[in-house]
Amino acid sequence: MKILFLSGSRDRNGRTAGSIQTIITGAEKAGAKTESFFLPELNLQHCRQCDANGWGSCRKEGHCVVEDDFQMLVNKIQESDVVVFATPVYFRDLSESMKAFLDKLRRISAFNPDPKTKGISAVGLCMAGGGGGGAISACMYLESTLQMCRFDVIDMIPIRRQNFEIKLPMLELTGEWLVTKPTSAAE
Ligand SMILES: Cc1cc2nc3c(=O)[nH]c(=O)nc-3n(C[C@H](O)[C@H](O)[C@H](O)COP(=O)(O)O)c2cc1C
């Protein structure tokens with residue numbers, strides 16, 4: 001069982017990182033292997049909207065023509081059972097690095113008959129560390145985009161600075177729960 005964590009924050013001591021680390025604690029306790037990347041540290045260029053019609057070759061071919069760290073992350077996603085997308089809330093929305101990465105990921109997966117994301121579970125986490133506004137709206141956008149990317153979205157977690165401490169035990173339990181391979185399939 002492999003769980004991949006993608007952080008949209010560059011602060012390795014921040015609350016998004018703290019949330020990730022707490023889920024990792026639970027997941028590793030339950031036997032998972034984990035790996036984390038901080039998106040702002042990587043070379044991730046924005047989508048160039050190739051071709052006059054705006055579609056580009058990525059829709060059918062499943063890879064981006066730009067040579068950056070995008071394909072490395074897509075390979076990591078493909079090797080994972082679960083991917084946790086954790087972003088700080090900026091302007092009531094996802095962080096720029098998370099948005100830029102998902103902009104490209106949906107390009108190669110949304111209309112691909114055999115997307116690289118198929119059958120992989122996803123969890124979204126939005127950490128609003130100011131007044132707390134925007135955690136829910138960011139989660140709504142993130143859930144919709146992850147579904148567009150064809151993940152099986154199994155949980156969305158809004159957190160505010162004001163309730164961060166009380167959510168930590170829940171995050172650790174979430175890590176343990178992920179190892180049970182939950183799916184969104186109806187009973
Ligand atoms: C550009 C920017 C925009 C932000 N916008 C919001 C916001 O809309 N709502 C909110 O509650 N916090 C907002 N914040 C605060 C961040 O959500 C907060 O700093 C968060 O803890 C960052 O996560 P980190 O500690 O993992 O870096 C903003 C911070 C920045 C830098």
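Predicted model: local features only at pLDDT ≥ 70, side-chain atom pairs only at ≥ 80, totals over all residues.
Which residue, with a positive phi, follows helix 1? That residue is Gly-31, and its phi is near 105°.

## Overall build

The protein's secondary structure amounts to six helices and five strands. From one end of the sequence to the other, these elements run β-α-β-α-α-β-α-β-α-β-α. The C-alpha trace spans about 50 × 35 × 30 Å along its principal axes.

A compact globule of 187 residues would have a radius of gyration near 16 Å, and the protein agrees, with 16 Å. Buried residues make up 37% of the 187. If we look at contacts with a separation of 6 or more, 80% of them join residues 24 or more positions apart.

Helix 1 covers residues 15-29. Its 15 residues reach 21 Å from the first C-alpha to the last, close to the 21 Å expected at 1.5 Å a residue. The buried residues here are Thr-16, Ala-17, Ser-19, Ile-20, Ile-23, Ile-24, Gly-26 and Ala-27. An α-helix has 3.6 residues a turn, so residues three or four places apart point the same way. What do the buried residues of helix 1 pack against? Their partners are helix 6 and strands 1 (2-7), 2 (33-38), 3, 4 and 5 (152-160).

Helix 6 (164-178) also has 15 residues, and its reach of 20 Å is close to the expected 21 Å. Its buried residues are Leu-171, Thr-174, Gly-175 and Leu-178. These pack against strand 1, helix 1, strand 3 and strand 5.

In soluble globular proteins, nonpolar side chains tend to be buried together. In this model the largest nonpolar core has 45 residues, and those with the most contacts inside it are Phe-5, Val-84, Phe-85, Ala-86, Leu-125 and Cys-126. Strand 4 contributes the largest share of this core, with six residues.

Phe-85 is worth a visit in your viewer. Setting aside neighbours within four places in sequence, Phe-85 is in contact with Leu-6, Met-98, Ala-122, Gly-124, Leu-142 and Leu-146.

## Around the ligand

Which residues come nearest to the ligand? They are Gly-14, Thr-16, Pro-88, Gly-129 and Gly-130, out of 19 residues around it. Thr-16 is also one of the buried residues of helix 1.

Helix 1 and strand 4 (121-128) each supply at least two residues of this shell, and helix 1 gives the most, with three. By type, the shell divides into seven nonpolar, nine polar and three charged residues.

Most residues other than glycine have a negative phi. Phe-91 has a positive phi of about 50° although it is not a glycine. This phenylalanine lies in the loop between strand 3 (82-88) and helix 4 (96-109). Is Phe-91 buried or exposed? Phe-91 counts as exposed because it has 10 C-beta neighbours inside 10 Å, and the cut-off for exposed is 12 or fewer.

Lys-181 also has a positive phi, near 55°. Its place is in the segment after helix 6. With 11 other C-beta atoms within 10 Å, Lys-181 is exposed.

Notes. Residues numbered from 1 in each chain as written. Helix = DSSP H or I, 4+ residues; strand = E, 2+ residues; numbered from the N terminus. Rg over C-alpha atoms; globule rule 2.2 N^0.38 Å. Buried ≥ 20, exposed ≤ 12 C-beta atoms within 10 Å, placed from the backbone. Contact = placed C-beta atoms within 7 Å. Near = placed C-beta within 6 Å. Nonpolar A, V, L, I, M, F, W, Y, C, P; charged D, E, K, R; others polar. Core = buried A, V, L, I, M, F, W, Y, C linked by C-beta atoms within 7 Å. Expected span 1.5 Å × (residues − 1).
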